[in-house]
Amino acid sequence: MERFGEGYLEERKLVKRWSGPIPALVSLVFTLAIFYLTWWIFQDPRGLMRMYTPYVGYMYCRWWLIMMIWMVYIFNYWPFKRKWLETTHPLVKGSILTLISVVILVALIKGFFEGLLGNYGLAYFNPEQLEKLPGVTSFFAIEYASLAILMFAAIASWLSPAWVVAFEEAPWQKLTQPAKGFSILIMTFFLSTVVYFVTMHPHMGILYHPWQYFTSIAPPYWEQFADTVSGNFHISWIMCCTVVVWLVETIWERYPFNLIKNDWGRRFACFFGIIAIAVAMHFFLYFAQELTWGEAIRGTRRAFAPDWRWLHVGEMAIFFLVPALFIAFYCNNWPRKFSMPVNVMIRTLLTIVGAIALYILYYKTSHNFLGTQKGFSHPQQFPMIPMIWLVNIWLVHHWFMDNWPGWKMVPKTAEEIEADHTAHQAQIDDIRWTPRFGAGLGAGVAMGVMFYFITLWALPYVYASVNIIPGK
């Protein structure tokens with residue numbers, strides 16, 4: 001039987017070329033250089049292609065993320081064979097796989113969304129169709145179409161990996177590629193379509209005057225409890241879902257859901273647990289803004305508008321993803337020497353600290369070198385775009401290039417693979433109810449409650465004392 005990339009990420013051994021933190025630092029410098037070069041070429045408003053309009057650049061950025069998820073997580077590198085993945089030089093392999101992801105990306109956007117759906121289904125997927133409407137300029141036609149396509153991408157970037165992470169590819173986990181990949185792709189694309197129509201389509205229906213009452217629910221059903229008609233309310237919790245999926249998959253190692261022995265009980269608990277954690281993050285980050293800037297006022301604009309604050313929830317969430325992936329990709333998910341709950345707790349605290357530091361650094365400096373605008377709520381300030389662009393660069397580097405040049409890839413032996421599985425299972429089996437575990441759980445709950453109330457007390461003072469926006 002032909003073997004493709006099933007299990008490749010878990011069955012490769014990345015060996016450091018240099019000792020200590022040097023490989024991680026080299027990788028950071030290398031990927032940041034690639035990030036800035038590609039940002040200047042494709043995104044920067046002062047650069048060459050200037051796709052950061054901002055929605056055109058965001059659309060391509062978000063769908064590129066999904067292309068790589070499809071290629072690696074859903075299709076397991078199919079149609080490339082395992083031998084090719086193991087023996088091809090990382091630069092060659094990275095270039096070929098990246099080029100393929102971009103070709104599929106352009107074909108999907110131009111062929112499926114703009115060509116098929118935009119011409120024969122929903123006009124707002126195609127700028128040319130929107131320009132036929134009275135009062136819609138070329139700029140807004142392009143932005144509205146890009147917004148619709150990237151909104152679909154936001155949902156797909158949560159559900160596509162969630163089926164692999166939470167449902168463990170079931171019920172198709174035993175199929176070979178490409179049958180397994182197409183099965184998961186069709187299911188997640190179908191679910192994304194359903195979620196899109198009940199969350200994002202009503203938003204698109206109110207962007208044109210008069211509101212499109214016949215084709216969408218107007219005003220949207222979430223208006224009263226979200227205090228806005230904007231789809232940003234849904235963008236925020238869906239973005240939180242996207243972030244939490246990867247927290248569960250990387251720094252949490254699917255803990256605590258991996259403690260559940262029953263297969264389908266574990267899968268459903270993980271899937272809906274991710275949503276529950278994301279919704280809690282969604283409301284807490286909105287509440288944090290109210291603590292910091294005061295109550296939102298409907299009818300105002302920018303930082304005091306509820307629609308912008310819901311959007312900023314998603315923007316804040318993405319800052320947690322970057323340090324989490326750095327820990328997983330370049331720090332070997334440090335630490336590993338303690339029990340799984342302790343390891344997860346330490347990584348989570350490091351991620352929170354890293355997210356706060358990155359948040360402050362971004363708003364202090366991004367307008368100087370990314371071509372974005374100064375301030376939290378400027379219409380040209382979308383931190384999700386450069387953050388996801390950086391994540392995309394890291395995915396290319398980690399998934400397609402095996403962390404070259406800081407590391408070299410060596411296939412694990414069957415004995416090493418078995419030893420890794422045994423050690424991981426031993427960590428899970430070691431977590432059982434004992435007086436010590438109960439005391440630790442109680443301490444964790446107490447620390448969580450304490451953290452919550454300290455946050456409520458500290459946030460207004462932190463924002464008052466830390467000058468995040470220069471010149472203010």
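This tour moves through a predicted model, naming at each stop what to select and what is found there.

**Before starting**

Residues are numbered from 1 along each chain as its sequence is written, and side-chain values use heavy atoms, with hydrogens and water left out. Because the model is predicted, local features need pLDDT of at least 70 and side-chain atom pairs count only at pLDDT 80 or more, whereas totals for chains, interfaces and linings use all residues. Helices (H or I, at least four residues) and strands (E, at least two) are DSSP runs, numbered from the N terminus.

**Stop 1: helices H7 and H11**

Select residues 138-165, helix H7, together with residues 232-249, helix H11. The two pack at an angle of about 30 degrees, with their axes 9 Å apart. H7 is therefore roughly parallel to H11; angles under 35 degrees count as roughly parallel, over 145 as roughly antiparallel, 65 to 115 as roughly perpendicular and the rest as oblique. Axes here are lines fitted to C-alpha atoms, for helices over the stretch in contact, and angles run from 0 to 180 degrees between N-to-C directions.

**Stop 2: aromatic pairs**

The structure holds 60 aromatic pairs. Rings of Phe, Tyr and Trp (its six-membered ring) pair if their centres lie within 6.5 Å; planes under 30 degrees apart count as stacked, over 60 as edge-to-face and the rest as tilted.

Select Phe-75 and Phe-182, whose ring centres are 5.0 Å apart and whose planes stand at 80 degrees, so the pair is edge-to-face. Phe-75 is in the loop between helix H3 (55-74) and helix H4 (82-87), and Phe-182 is in helix H8 (residues 179-199), 107 residues apart. Phe-75 is buried at a relative accessible area of 10%, while Phe-182 is partly exposed at 40%. Buried means under 20% relative accessible area, exposed over 50%, partly exposed in between (1.4 Å probe, protein chains only).

Move on to Trp-293 and Trp-308, a tilted pair with 5.8 Å centre to centre and 50 degrees between the planes. Trp-293 belongs to helix H12 (residues 263-293) and Trp-308 to helix H13 (residues 306-330), so the pair ties together parts 15 residues apart in sequence. Trp-293 is partly exposed, at 22%; Trp-308 is buried, at 8%.

For a cluster linked by ring pairs, select Trp-63, Trp-70, Phe-112, Phe-113, Tyr-124, Phe-125, Phe-152, Phe-189, Tyr-196 and Phe-197.

**Stop 3: backbone details in loops**

Select Thr-53 and Pro-54, joined by a cis peptide bond with omega near 15 degrees. Pro-54 lies in the loop between helix H2 (22-43) and H3. Another cis bond runs from Ala-218 to Pro-219, with omega near -5 degrees; Pro-219 is in the loop between helix H9 (201-205) and helix H10 (223-226).

Finish with Glu-168, a residue other than glycine with a positive phi near 55 degrees, in the loop between H7 and H8. Asp-402, also not a glycine, has a positive phi of about 55 degrees and sits in the loop between helix H15 (384-400) and strand E2 (407-411). Glu-168 is partly exposed at 21% relative accessibility, whereas Asp-402 is buried at 3%.
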